[in-house]
Amino acid sequence: MSVYTQLDTQDFISILKQYDLGKFITFEGIAAGIENTNYKITLEKSGETVFYFLTIFEHLKQSDLDFFMPLLAHLETGGCQLASPVESIHGDFIFTVKKKDAALFHCLPGKTLETTSAHHCHIIGQQLAKIHLAASSFKQSHDNSRGFYWLQKQINNDSFNLSNTDRALMLNELTHLQECWKKWGQDLDLNKGFIHADLFPDNSLFTKDKKLSGVIDFYAGGSDYWVYDLAICIMAWCQTEKSEINTSLELAIISGYEEVRTLTDSERQVLPNFMRLAVLRFWVSRLLSQEQQQGAALTTFKDPDIMKDLLISISK
């Protein structure tokens, strides 16, 4: 979450006329994250202070939002823990502000984690599997906008200011994964469906008693291999300061996942290569985000070199 689009008090008062949520008190911009503009809004309702989040979608199209908003409502109905969108008095999830689409969301209790434990990883593994299974009954589908073909295109465009060594690493990994991708497409035991595709610790909230409050920021998601989502989650939650994967945390995520949904033998076998795909994808996307973040008033920088170093480590 970042602040690219600036709003003032009058903007919020105007927006809230479309809702019956309470009296506007104040707002603050949220710096965490990199894709959208986000604000936390404080309201007063029946003498109590209540909070909501406003998200301004900087890149998503209306057709994307027509998929994600009903999906989030569907996942909540299916028992998943997440920040669900709020309907206006007209029954709409989406409104327009500053010529951009936006939505209000329920504010979940808790905070993002500064350090992860096996307990947290076990819980997030369970929740990831619940999301996969709950989404499988959702009738609409949506392509993974940053899937493998997107990744190939970005790397082949050669638009990054990389050293010769880094460029060679990126191309070698892509060549390896292109061969893997052909084999994966022929394996019917690699299940597909909706994936979150960005389940990092900063996209989940935990309460003080170590319970999961919910998962947020589903907008990188789409249809892809479920084991790819698991690989992304392991990469995000289990990497160490030495650019390695903490195997204890990895096993905690997998065991949590398998309490809800059992992995196939094929999924277990290909997980290491999906890990390499996950790390390569986030190395590339972080390089791209460096350029996008230059115009943001508040933002959180995510270092691409962290992913590069991890890729070197796990591809040995």
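Visitor: At what angle do the axes of helix H3 and helix H7 cross, and within what distance do they come?

Guide: This is a predicted model. In it, the axes of H3 (residues 118–135) and H7 (residues 247–260) cross at roughly 40° and come within 7 Å.

Visitor: Is the crossing of H3 and H7 left-handed or right-handed?

Guide: H3 passes H7 in a right-handed crossing.

Visitor: Which residues make the contact?

Guide: From H3, they include Ala118, Cys121, Ile124, Leu128 and Leu133. From H7, they include Leu249, Ala252, Ile253, Tyr257 and Val260. The residues of this contact divide into 11 nonpolar, six polar and two charged.

Visitor: What makes S1 and S4 the edge strands of the sheet?

Guide: Look at the order. Five strands form an open sheet, S1-S2-S3-S5-S4, with antiparallel pairing. Strand S1 (23–29) and strand S4 (94–97) each pair on one side only. Neighbouring strands are turned by 35° against each other on average, direction ignored.

Visitor: How do you know that S3 and S5 pair?

Guide: Count the bridges. Five join strand S3 (residues 48–56) to strand S5 (residues 100–106). Pairing asks for at least two bridges, so S3 and S5 qualify. The two strands run antiparallel. Ile56 stands opposite Ala102 in S5.

Visitor: Which helices lie on the sheet?

Guide: Helix H2 (residues 62–77) packs on the sheet and touches S4 and S5. The direction of H2 makes about 10° with that of S5. Helix H1 (residues 9–16) lies across S1, S2, S3, S4 and S5, running at about 125° to S1.

Visitor: Why is Asp166 called buried?

Guide: Asp166 lies in helix H5 (residues 164–184). Its relative accessibility is 15%. The cut-off for buried is under 20%, so Asp166 counts as buried. Leaving aside neighbours within four places in sequence, Asp166 is in contact with Trp283 and Lys308.

Visitor: What makes Ala278 buried?

Guide: Ala278, in helix H8 (residues 265–292), has 0% relative accessibility. That is under 20%, so Ala278 counts as buried. Beyond its neighbours within four places in sequence, Ala278 is in contact with Tyr228, Ala231, Ile232 and Met235.

Note on methods
Residues numbered from 1 in each chain as written. Predicted model: local features only at pLDDT ≥ 70, side-chain atom pairs only at ≥ 80, totals over all residues. Heavy atoms only, no water. Axes fitted to C-alpha atoms, helices over the stretch in contact; angles between N-to-C directions. Helix = DSSP H or I, 4+ residues; strand = E, 2+ residues; numbered from the N terminus. Left-handed = near helix turned anticlockwise from the far one by under 90°. Contact = heavy atoms within 4.5 Å. Nonpolar A, V, L, I, M, F, W, Y, C, P; charged D, E, K, R; others polar. Buried < 20%, exposed > 50% of the residue type's maximum accessible area, 1.4 Å probe, protein only.
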